[in-house]
Structure formats: structure tokens, C-alpha cells
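The sequence and structure come first.

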Amino acid sequence: MNVAILGTGYVGLTTGACLAYLGHQVTCVDPDANKIGALQRGEVPFHEPHLEDLLVAARPNLKFTMDYSEAIPDSQVVFIAVGTPPGVGGAPDLRYLQAAAEGVGERLGPHFTVIVNKSTVPIGSGNWVGALVRDAAERRGRGKDCFAVASNPEFLREGSALLDSLYPDRVVIGADDPRTAEVLYTLYRPILDQTFQPPAFLPRPDRVGGVPLISTDLASAELIKYAANAFLALKISYINEIGQLAEKVGADISQVARGIGLDARIGTRFLQAGIGWGGSCFGKDTAALVSTASEYGLDMSIVKAARDVNRRQRERVVEKLLGELKILKGRTIGLLGLAFKPHTDDLREAPALDVARHLLERGARVKVHDPVAMNRFKKEHAGMDVVMASDVHEVARDTDAVVLITEWPQYLDLDWESLASVMRTPILLDTRHAFDRGRITRAGLRYITLAG
Ligand code: UDX
């Protein structure tokens, strides 16, 4: 099938690469000439494992352009995957989505076209997107039955986006027109039946048989996306709240997490206690869920509580350091990790940024390091008055404490004896429970976490 993808960010480019790899003819559109130029040269504008390899493998089925007119008229499916960054009060900024919807409506081809909303949008705005497309199409004399809007939420995690796209736990399609579900079923058939040849660098996981398809209405599909992300965020805040009690009663939160997670009804995943979530989704989606609910007079107190716990975790890092050092003014603190999680260079709502700001506000000197995200940090946060360390030893040298913020594999097997010898005071605050307490203590450091 011919597919157009509007937006070449984490979701758009990943979706385009996967669909092209499956054999569909995909045209990716972005108004940013630099991005399109880089993609045409085979350069990927962000760090995502194996995305560059998949774009090479799918290149014969891929085109990149700035021009909607090159992509829309021939496409049977148009994915809108433009950014919906948080606006005032948490509600998403829908300007880019509105421009994309109107741009599509003005260029629809002669055949029935499915317009898929991949951008995270307030629940119920699928109909709003449809109205924008319809108005634009009617201005061009096109009938209102020449297209239909669908919701097809993405569940991909940065750092494992291709795995989550080619081998998903489920595919969700929200549509109020029967033709739409048929078109999308055809599009996703190779993924649903898992009949495609796996890329050598992304072998099919053992667990994957056929992939369940949830075909439902627009609002349900949109709510599935928000409800899923909010529950994952809630699960993380739950174990972090239990972690605060674990510290008081002398319990080991990692053991508690394992002990509850082995209950099949709870599950062991997303119970990793620590500094909590960052990234472009959990914060934005939980805020949007609360914002949408408030329009209906609903309080969403559980989701709000999960957000509050998560925000507090970052503040607790500073409280922990104050507890150890008694004063932060003039002290030097080294941060290991900037990206919001390993295997990405994404800094959106990254915990390290808030921790650095809180420390700078208290007059501390801050040194930072990240194996992958340093260039993006320099570009996006040049104004932050921190020392950019070239390696872990430089982070540790003459510091009063080192804080592990992002559990990159590169940090998990360090020579802590050597690092302790160059620190002013050998204190390690491990905000991800990534290290063994005994190993760090035997290396001569004081080992603390956010849960004891
Ligand atoms: C998330 C959802 O998982 C994905 O389904 C959705 O499509 C987009 O948002 P992502 O934000 O990329 O994906 O990463 P994820 O692996 O979910 O981690 C989110 C944050 O939670 C990270 O900051 C991570 O460090 C944190 N986290 C995750 C925890 O603190 N504890 C955990 O147990 C798991």
C-alpha cells in the first residue's frame, strides 16, 4: 500500500521505517529542510538503536520530502505523527496537528483515504481532526465520504521502539467507519500474522505468535493510549511511594518489588523504584488525562497522586544529599546520566535536568556526563551552568558526591575503588538501585538510595 507519514520524529520515523520494511511504499514528510536532507543522506536525527540499519534495509520503499503534495494524493493511508508538545496547564499544543489535518484535507487523492492519528491528542479529538480534514476537503470540492479518521495509538518505548513496533503486544485500531478497519487490517497484516522476515539485527522474540488486534471506536482507542501510559506511570509511582515507607521500616524495596511482582496479577515490570519517570509521554499523557477529565468535572485523583509522587522524587535527591553533606553551597556534585532513560538521547522531562537545577539553585557546583546525550544537552540546555565532564573519572574528581541518574550499561561496571580515591567525599547516591550495596561499600564509598 502507499503510505504517507507526516512528521519524522520518534513516532513518525519509526512507523515509516517499519511499514517500509514490511514492503509498503512510504513517503515521510517534514517541513524541516535540515531533517529531510539528513534523512535523504541516511542520517537519523536522534539516537534509537537499529533505526539507521532499518532505514537502510527499507530504503527502496522510502521517500523523504517537505511537500505534502508529493505524499498525500497517492496514499491510501496517511499517518499524522506530528508533535503535540505540552501547552499551558498541561493540555497539548495542537497547532501542528491542525496544520497537518488541513494540509491533508487539501490534497486528498481520488480514492478512499484513511487518516491515522498517531499524535497523542486529547480524547475525542479524533472527530476534531476529521472536521478539519472535511472542511479542507470540501473547500476543494471533495465529498466528505472520501476519507475516514482512525486512531492507532503507538505503544513504543524509546530505546526499544523498533522491537515494540515490529513485535507489539497488541495493535489497537479505533475507527467509526467499517472500511477503515479493513484498510488498516491489510496494512498491519504482516505484523498481526508475524509473517515478515525479521531483520537480522532485530530477531523475532520467542514469545511472539500472532499479535492481537483490538478494533474499536475512536474514543476507546484514544482512551486506551492514555489509560495504558497513566497506569504504567502509576505503577512506577506506587513502588516509589512504597519505597519511602520501606526506608522508614528498614525494608529492601527491590525485594518488596520482586515479592509483589511475582504475583501474575501484578507483574514484575515497571516496578523498578528510583527517581521515577521522565520522557515525552508519561508526563504529557498524565497531564492531558487530568486536563481532559477536569473538563467533565472529574478529579482523576489517583493519576494526580502519581504525578505528585514522581515530581517529589526529584526533590528527594537534593534532600538526601543535604542529609549527607548538611550544606550544598560550594559543594561539587557529579551526575552520571542525562537522558531520561538508557539507550536514548532524549532529554525531555529528564530527571537529571531537574536535579541539576535544584542543586544549582542551592549554590552547588554540578558536573554532568552522559554516554550519548551530551551533544543534545549542549544544544538544548546551553544556558545551564554545569561542567560538561568528558568521562566518569572527571565527574568523580574532587566531588562531594556522585549521583547515578540514568542506568546506562556503561556505568554498571565501573572501578569504584579508583573513583572513590579521587572523590573529595566518597558518597554514591544511586537513584536507580542499579548497584549492589555491598560491592560499593567494599569499594570504600557510602552508598545511599532514595529508599534507604
Ligand atoms: C513510554 C511507554 O512505555 C510506551 O508504551 C509509550 O508508547 C511511550 O511512553 P518511554 O517513555 O519511551 O515509553 O520509556 P519507558 O521505558 O516506558 O520509561 C519511561 C520512564 O519510566 C523512564 O524515565 C524510565 O526510567 C522510568 N521507569 C521505567 C522507572 O522509573 N521504573 C520502571 O520500572 C520503568
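How many cavities of 30 Å³ or more are there by the rule used here?

## Basis

The model is predicted, with local features needing pLDDT of at least 70 and side-chain atom pairs counted only at pLDDT 80 or more, while totals for chains, interfaces and linings use all residues. Residues are numbered from 1 along each chain as its sequence is written, and side-chain values use heavy atoms, with hydrogens and water left out.

## Cavity

The count comes to 1 cavity of 30 Å³ or more. A cavity is a set of points, on a 1 Å grid over the protein atoms alone, where a 1.4 Å probe fits but cannot get out; lining residues have an atom within 4 Å of a point. Grid points are joined across faces, edges and corners, and volume is the space filled by probe spheres set on the points. The largest cavity holds about 80 Å³.

Its lining includes Asn 117, Lys 118, Ser 119, Thr 120, Glu 154, Glu 222 and Lys 225. By class, this lining has 3 nonpolar, 4 polar and 4 charged residues (nonpolar: Ala, Val, Leu, Ile, Met, Phe, Trp, Tyr, Cys and Pro; charged: Asp, Glu, Lys and Arg; polar: the others, Gly among them). H9 gives the most to the lining, with 3 residues (helices are DSSP runs of H or I, at least four residues, numbered from the N terminus).

## Ligand site

Around the ligand there are 20 residues, of which Leu 156, Glu 158, Gln 272, Phe 340 and Lys 341 come nearest (a residue is near if one of its heavy atoms lies within 4 Å). The shell divides into 10 nonpolar, 4 polar and 6 charged residues. Helix H9 (residues 218-249) gives the most to this shell, with 4 residues.

A polar side-chain atom of Glu 154 lies 3.1 Å from a ligand oxygen, and one of Arg 432 lies 3.2 Å from a ligand oxygen. For Phe 155, a backbone N or O atom lies 3.0 Å from a ligand oxygen. The ligand taken alone exposes 650 Å², and the protein buries 91% of that (Shrake-Rupley method, 1.4 Å probe).

## Second largest pocket

The second largest pocket has a volume of about 280 Å³ (a pocket is an open set with protein on both sides within 12 Å along at least five of seven lines). It is lined by 13 residues, with Gly 283, Arg 307, Asn 310, Arg 311 and Glu 349 closest to its centre. The lining divides into 3 nonpolar, 3 polar and 7 charged residues. H12 supplies the largest share, 5 residues.

Terms used:
Polar contact = N/O pair within 3.5 Å; in protein donor to acceptor, adjacent residues only side chain to side chain. Helix = DSSP H or I, 4+ residues; strand = E, 2+ residues; numbered from the N terminus.
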